[in-house]
Amino acid sequence: MTSDRWEPAAFKARVDEVLHHFVAQEAEQLSAIDPQLVPVADQLEAAVADGKRLRAAFCYWGWRAVGQPDSGALMRAAASMELVHAAAVVHDDLIDDSPLRHGRPTAHIALRGAVRRRPRAVAAAKSLAMLVGDLLMSLAGQLFATSGLPASYLARARPLWSALARELIAGECLEILRTGADPDTAASLKVIRYKTAKYTVEQPLLIGGALAGAGERLRVGYSAYGLPLGEAFQLRDDLLGLFGDPERTGKANADDVRGHRPTALLAETWRLAADDERKQLGAQLGRRDVGPDGLAEVRELMCRLKAPERIEAMITERVEEALGVLHDLNTPAPAAAALTALARSAAVRLS
């Protein structure tokens, strides 16, 4: 994609090319240290094998909306956002003990094969996965810094990296601290904002804008567009987590219930439920052995209380809010078209 027309598949292919080449080189250097590191290096490459590349797209259009042209160096900087995401996913799957991602074993599950004959193999595999995530975050900074953009451009965006890391970790910590507590919608939305919304939409936009020299009005607009849209993205994930097709989502439907996670969907169900219904829901939350019957019971209760409809309404409200902000920003037509399409695809999807 080198024209002004937004072509998601072509853009994804460009990001994939950058990521796969960069990470393959890093994995090769890691493996060269010792053959035992090959399974760890393999997980580096697995971490960037898939993805919608939304974060790179928001960074790219944050740059283009300022009036800057297409740039190979900017593509490398934008691709670094996907390494932040890859790091977050590895850590998130480890924290949640999720078995699947994109239909494949998660890093801490896959790495059990490398330590199966070691003492405390499960714990050792989790430690290896944690280090894979740490290295991916380090590589994100390396790719950004060596993107080829002028040093003065990179300096404008550097403070935003500190905010991105701080807020992402704050969101993960809040989720851990809220897990198992009585569901609360306001608390769940705060977790969503810091764990997902900011680093998925707002921060990539702001970083792209900072690289391009965006003014204050545009930066304020990016946040006003990005935060509600990022929340809508995660609210859709909440619905897909329980009601989506695992063949499409690549994740297990039971994860949120089994982990008693502070999702807005569970919080809204709890808020709408009567005492006996809360008792029914509470009997399934946190059960490691929750099966198809237990999940069906949770889904039936949610549908009876119309909690999914409430989450759908929250998604719609946030997308409309984001699009309203975008309309008022008067960005160049190609950027406005791309950001409109991204808003719709981020919130209306099957995986």
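1. Let's start with a loop. Aspartate 97 sits in the loop that joins helix H4 (72-96) to strand E1 (100-101). Please keep in mind throughout that this is a predicted model. Although aspartate 97 is not a glycine, its phi is positive, at about 55 degrees. For context, most residues other than glycine have a negative phi.

2. Lysine 306 lies between helix H14 (292-305) and helix H15 (307-329). Lysine 306 is not a glycine either, yet has a positive phi of about 65 degrees. Its relative accessibility is 53%, so lysine 306 counts as exposed; the cut-off for that class is over 50%.

3. The largest nonpolar core holds 105 residues. Those with the most contacts inside this core are Phe58, Leu83, Ile207, Leu211, Tyr225, Leu229 and Leu342. Which element gives the largest share of the core? That is H4, with 13 residues.

4. Apart from neighbours within four places in sequence, leucine 83 is in contact with Leu19, Phe22, Val23, Val48, Leu136, Leu139, Ala140 and Leu143. Leucine 83 is also one of the residues with the most contacts inside the largest nonpolar core.

5. H4 turns up again at a pocket. The second largest pocket has a volume of about 240 Å³. Its lining takes two or more residues from each of H4, helix H6 (121-145) and helix H7 (151-178). There are 13 lining residues, and Ala88, His91, Ile95, Ile169 and Glu172 lie nearest the centre of the pocket. By class, the lining divides into 10 nonpolar, 1 polar and 2 charged residues.

6. The largest cavity has a volume of about 70 Å³. Helix H8 (185-212) and helix H12 (264-272) are the elements that give two or more residues to its lining. Of the 14 residues that line this cavity, Pro183, Asp184, Ser188, Arg261 and Pro262 lie nearest its centre. The lining of the largest cavity has 6 nonpolar, 4 polar and 4 charged residues.

Definitions and conventions. Residues numbered from 1 in each chain as written. Predicted model: local features only at pLDDT ≥ 70, side-chain atom pairs only at ≥ 80, totals over all residues. Heavy atoms only, no water. 1 Å grid on protein atoms, 1.4 Å probe; cavity = no way out; pocket = protein on both sides within 12 Å on 5 of 7 lines; lining within 4 Å. Points joined across faces, edges and corners; volume = space filled by probe spheres on them. Helix = DSSP H or I, 4+ residues; strand = E, 2+ residues; numbered from the N terminus. Nonpolar A, V, L, I, M, F, W, Y, C, P; charged D, E, K, R; others polar. Buried < 20%, exposed > 50% of the residue type's maximum accessible area, 1.4 Å probe, protein only. Core = buried A, V, L, I, M, F, W, Y, C linked by side-chain atoms within 4.5 Å. Contact = heavy atoms within 4.5 Å.
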